[in-house]
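Please look over the model below.

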Amino acid sequence: MSELITFCGAFAKQPVQYRKAVRVKRMLPGISKVETSLEEVFNKIPITNGMTLSFHHHLRNGDQVVNLVLATAAKLGIRDLNIALSSVFPVHAPLIDHVCNGVVTGLDTNYLSGPVAKAISQGLLPQPIIMRTHGGRARAIECGQLPIDVAFIAAPCADSYGNLNGVMGKNACGSLGYAFPDAEYADYVVAITDCLEEYPLAQISISQTRVDYVVTIDSIGDAKGIVSGTTQVTKDPVGLKIAQMAAQVIQATGLLQDGFSFQTGAGGVSLAVAHYVRKMMQAGNITGSFALGGITGYMVDMLNDGCFQRLLDVQGFDMAAVRSLAANINHREIGADCYANPFNSGCAVNQLDAVILGATEIDTSFNVNVTTGSDGIIMGGSGGHSDAAAGAKVTIIVTNLLRGRLPIIVEKVLTVTTPGESVDVVVTERGIAVNPRRSDLRQRLADAGITVMNIEDLKLMAERIAGKPEQIVLADKVVALVEYRDGTIIDVVKQISSAN
Amino acid sequence: MVNKTAQAGTLESNDIMITVAPARQCSGIVIDLESIVLPQYGQTIRKVILQAVQAYGIANAYIKAIDRGALDYTIRARTEAALQRSGAAKRAFR
Amino acid sequence: MKRLRRSMLFLPGNNPGMLQNGGIFAADSVILDLEDAVAPQEKDAARFLVAEALRSIDYGNSEKVVRINPLETFAERDIAVIAPSRPDVILIPKVQCSKDIEEISKMVSRYELLPGSIRLIALLETPQGIAQAHNIAGTGKRLSALALGAEDYTASLGATRSRYGEEIFFARMMVINAAAAASIQSIDTPFTDVDDIDGLQQDTVLAKKLGFKGKLVINPRQIDVIHEVFNPSNGEISWAVRVLEAIRQAEAEGSGVASLQGKMIDAPIVSRAEQIVHLARRLGLLKEGF
């Protein structure tokens, strides 16, 4: 591991280097890339102890590729692998056994949930894992800080010469954006598909020029876990209230005019914000520029209604998003680098007017935690959180003031995922706070008749309702390094104490 | 006096399920607490339950509490409902 | 000036999550419900929960109302537990006659901490209750409003509920007229299809036009629409301001008769204009001047 640099400001670190040179490859005419056995590919490359294998998470909780590849590695007696999987889901629980058996000794990811996240928090690995942002992962790959020996790319559709897309086949997932850097920079690229089409594929997301093998298997995943049904606007009245307030904040900023650009999540409250913003746009006859990030059917509807001129799609969440990406020229697939890498000549988040993000905790300095739960156990990670927050003109956090009994606004977050300097507004059902750095915004909100509170007062309000929580006790061992998008270390996650 | 086992509350979020059961003389008030916010609020929850039980003048009881993030007002109400269902009577009105 | 009761939001009385969040929707009143929202075997638990909620939850500017169970079931047990926790109002379901109000009033007197502090609202939801509306409205000092419950009422009639509510026109007018005759407020029945926002809007416009002062609410999502309707519109406000201005000018000129755009302004018009201006000022819709 290279030396660690501490975070010292969202835009403090400047890159002074060239990109990593990629391995130059060649493929002689007449050679087939298609294989039916993963073992065969392992032997041909060959995959050996200590290598870094990378994977994308576009199949989410329906993914079967990671487990299959690791089972093959285990069977072949390979040890000491570093796994660079862009996000870890409950379906990846077998990873725990592979760690216990020495097959896997390192993990590099942007988001973890489920049993693996819990096991990591309990000290599963001797070394800390690395947690990056979506943009940071692209940066690390390009800058050579995350060298990948072999990228295994689950491909919902592939042709026999390694052109890939995510919009066809029985396990279509939409955009393959998070796999773009892996395909470009890995020494070897292995596509794994359950839908082999004749060459050349009609729609190409990842090109043949970097793909070395195409392995066909019965099924790369379970469609039910890959895309949700229809993503729904929440019906929870508290969530709706928060969403409505957030939309009013956006309107008050003055950004909601022709050319407006927007990012919001797929969660019920985030979608509800889109719902209210859409109403405002329709009422004001406003044509926005683009919506960015994880794309849902709701954003597709907004595109089709003329609320936006383009969708920039790094990840699709439902079948409507998949279908739209396949059919609509104004719905563009972008890679992780274009989406959010801070070290290129400009990524898409820089063009954002407003972004809606969540929080498991936010502190009185506006630092946000989406990495650990209030019990200290890892339950997420930045994903694109700190990327979008850094890029957007206005970053709005929407959250309940209390979740269950727990106050969400605290004096100091357990883990800093996104620094307070890139967070502008916090919207809760009981009040709105504006970062003191943004006195301009505070004034605009006041002018629009929106009551703005001090974040300390919001915190006190939560404590009056729920009581002040006792500090949780953590062990000393560091289980995860939380890397900011520029590669500096913004925080660490400690092991939970055995008492928990 | 807790005469019989009785229960109040649900396992829904923001609620707490309280079960009270008779206990032997001199066993005191035993609270068996399960909570999603145990590290942060375990002590508070025990205190609130204990105060509610003491308001009934009860010296011996076994109490099982399964907490889903209830606020104090809910903990008091559920404890009181369980106690009344078990046949306990409050000493004096506040 | 009477309390604003444009929206009265029901909260299920045995649901801690809903009770603790009931204050954030800016309803004019919240109704902590012990009746229909609570299963018979949970009445006791809900009573304790509502009593504790009244003591410890901050409902902001919302008036705190408790709907108890009817006289023939648990009314007295409810009042015994609830009244000491100081609700602003007790909402009595299925009121049939003026005697019901008298009995509840006596019970409240037995248990309330501050004599005479708790107000009553009578929910009329039976043909008998509607027929007796005028007698009920004039009963006792505590009664501050009549409310209409159209679901039970139409069921008793054997009528079918419709989106436009032709079948409850008589009941609505009975309630409005009885309340007005007794100088108390009238509150309209809830609109039950929570997903039909247009239907709610039309139903509320009708209610306001007929003379209701507010509406029962079964989902927080309905509140904004209802407030919007019951708030004086910009047109109404500017009309009212002009009326009062014309009166002031006439007085200044020593003229006994004021007119606006050729129409004479008589006492009922002045009274209506004053009400609108007063309401607008209370709601912060009229910034300065008047």
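Helices and strands here are DSSP runs: a helix has at least four residues, a strand at least two, and both are numbered from the N terminus. On that basis chain C has 12 helices and 10 strands. Its radius of gyration is 20 Å, close to the 19 Å that the globule rule gives for 290 residues, so chain C is as compact as a globular protein of that length. Bear in mind that this is a predicted model.

**Chain C as a whole**

Take the contacts between residues at least 6 apart: 71% of them join residues at least 24 apart.

**Chain A as a whole**

Chain A comes to 15 helices and 26 strands. What radius of gyration would a compact globule of 500 residues have? The value would be near 23 Å, and chain A agrees with its 22 Å. Here too, take the contacts between residues at least 6 apart in sequence: in chain A, 73% join residues at least 24 apart.

The table lists further values for each chain.

| Chain | Property | Value |
|---|---|---|
| Chain A | span of the C-alpha trace along its principal axes | about 70 × 55 × 45 Å |
| Chain C | span of the C-alpha trace along its principal axes | about 70 × 40 × 40 Å |
| Chain A | buried share of 500 residues | 60% |
| Chain C | buried share of 290 residues | 54% |
| Chain A | accessible surface, with carbon and sulfur share | about 18,600 Å², 50% |
| Chain C | accessible surface, with carbon and sulfur share | about 12,800 Å², 52% |

Now the charges. Chain A carries 40 positive and 47 negative side chains, and the centres of the two sets lie 2 Å apart. Chain C carries 33 positive and 37 negative side chains, with 4 Å between the two centres.

**A helix in chain C**

Helix α10 of chain C covers residues 223-230. Is this helix enclosed or open? Of its 8 residues, 6 are buried, so α10 is largely enclosed by the rest of the structure. The buried ones are Ile223(C), Val225(C), Ile226(C), His227(C), Val229(C) and Phe230(C). They pack against β1 (7-12), α9 (197-210), β8 (214-217) and α12 (267-282) of chain C.

**Two single residues**

Asp188(C) sits in strand β7 (residues 185-188) of chain C. Is Asp188(C) buried or exposed? Its relative accessibility is 0%, and buried means under 20%, so Asp188(C) counts as buried. Leaving out residues up to four places away in sequence, Asp188(C) touches several others, among them Leu148(C), Arg172(C), Asp203(C) and Phe212(C). Leu114(C) is 74 residues from Asp188(C) along the chain, and their C-alpha atoms are separated by 30 Å.

His134(A) belongs to helix α5 (residues 134-142) of chain A. With 6% relative accessibility, His134(A) counts as buried. Which residues does His134(A) touch, not counting those up to four places away in sequence? They include His57(A), Ser86(A), Ser87(A) and Asn110(A). Also among them are Tyr178(A), Ala336(A), Tyr339(A), Gly383(A), Gly384(A) and Asp387(A).

Methods: Residues numbered from 1 in each chain as written. Chains lettered and ligands numbered in written order. Predicted model: local features only at pLDDT ≥ 70, side-chain atom pairs only at ≥ 80, totals over all residues. Heavy atoms only, no water. Rg over C-alpha atoms; globule rule 2.2 N^0.38 Å. Buried < 20%, exposed > 50% of the residue type's maximum accessible area, 1.4 Å probe, protein only. Contact = heavy atoms within 4.5 Å. Areas by Shrake-Rupley, 256 points an atom, 1.4 Å probe, with all protein chains shown as cover. Lys, Arg positive; Asp, Glu negative; His and termini not counted. Charge placed at Lys NZ, Arg CZ, Asp CG, Glu CD.
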